[in-house]
Amino acid sequence: MSQHSAGILLFRRQHGKLEVLLVHPGGPFWAKRDLGAWSIPKGLDDSTEDPLQAALRELKEETGLTVQGSPIALGEFRQPSGKIIYAWALEHDFDVTRLVSNTFPLEWPKGSGKVHQFPEVDRAAWFEVEEAKRRILEGQVPIIDKLVAALARQGEPQPGAA
């Protein structure tokens, strides 16, 4: 049975360009990784929880942000690990300096017996589409592509077009 995650891809328009919000995972494993390490705010959904509600909860847990609006359903995206991500997009601005993330305990260094608390997300940033596709985990690139296609169907300008 596959694990399922649910997430929200926030987007905004700055100076005529489409930008998406990505988060960087916290903890020592990810500390020195950048390209191909970022993600949409997401997390595991409970089988009893509505996936959209799980996505909104995870957004709050990872960023501190509560949003309202009509999310755009982007679909299901199978990851290389086999996990499936249910993703939505929502236009909403967010001041990344106001990031507040839940924490998790981890023995570090491994085998030391010392347990530290690490943030689920250590930073967030807005990226234009092409840069976001370089930064995000490879399996999540199609989520960004799906957002761009959905906005194009709605008559939105293409990314990078002024």
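Trainee: In which element is P142 found?

Mentor: The model considered here is predicted. In this model, P142 is found in the element that covers residues 141–153. That element is helix 3.

Trainee: Is P142 buried, partly exposed or exposed?

Mentor: Buried requires under 20% relative accessible area, and exposed requires over 50%. The relative accessibility of P142 is 38%, so the residue counts as partly exposed.

Trainee: How far apart in space are P142 and L74?

Mentor: In sequence, P142 and L74 are 68 residues apart. In space, taken C-alpha to C-alpha, the separation of P142 and L74 is 9.6 Å.

Trainee: In which order do the elements of the protein run from the N terminus on?

Mentor: The secondary structure comes to 3 helices and 8 strands. From the N terminus on, these elements run β-β-β-α-β-β-β-β-β-α-α.

Trainee: How many aromatic pairs does the protein have?

Mentor: Rings of Phe, Tyr and Trp pair if their centres lie within 6.5 Å. By this rule, the count of aromatic pairs is 3.

Trainee: Why is the pair of F29 and W30 edge-to-face?

Mentor: A pair of aromatic rings is described by the distance of the centres and the angle of the planes. For F29 and W30 the centres are 5.0 Å apart and the planes stand at 90°. Planes over 60 degrees apart count as edge-to-face. With its planes at 90°, the pair of F29 and W30 is therefore edge-to-face.

Trainee: Is F29 buried or exposed?

Mentor: The cut-off for exposed is over 50% relative accessible area. F29 has 58% relative accessibility and therefore counts as exposed.

Trainee: How many residues apart are W38 and F127?

Mentor: The ring centres of W38 and F127 are 5.1 Å apart and their planes are at 85°, so this pair is edge-to-face. W38 lies in the loop between strand 2 (17–25) and strand 3 (42–44), whereas F127 belongs to strand 8 (residues 121–128). Both W38 and F127 are buried. The pair links distant parts of the chain, with a separation of 89 residues.

Trainee: What radius of gyration does the protein have?

Mentor: Along its principal axes, the C-alpha trace spans about 55 × 35 × 30 Å. A compact globule of 162 residues would have a radius of gyration near 15 Å. The value for the protein agrees with this, at 16 Å.

Definitions and conventions: Residues numbered from 1 in each chain as written. Predicted model: local features only at pLDDT ≥ 70, side-chain atom pairs only at ≥ 80, totals over all residues. Heavy atoms only, no water. Helix = DSSP H or I, 4+ residues; strand = E, 2+ residues; numbered from the N terminus. Rg over C-alpha atoms; globule rule 2.2 N^0.38 Å. Phe/Tyr/Trp six-rings, centres within 6.5 Å; stacked < 30°, edge-to-face > 60°. Buried < 20%, exposed > 50% of the residue type's maximum accessible area, 1.4 Å probe, protein only.
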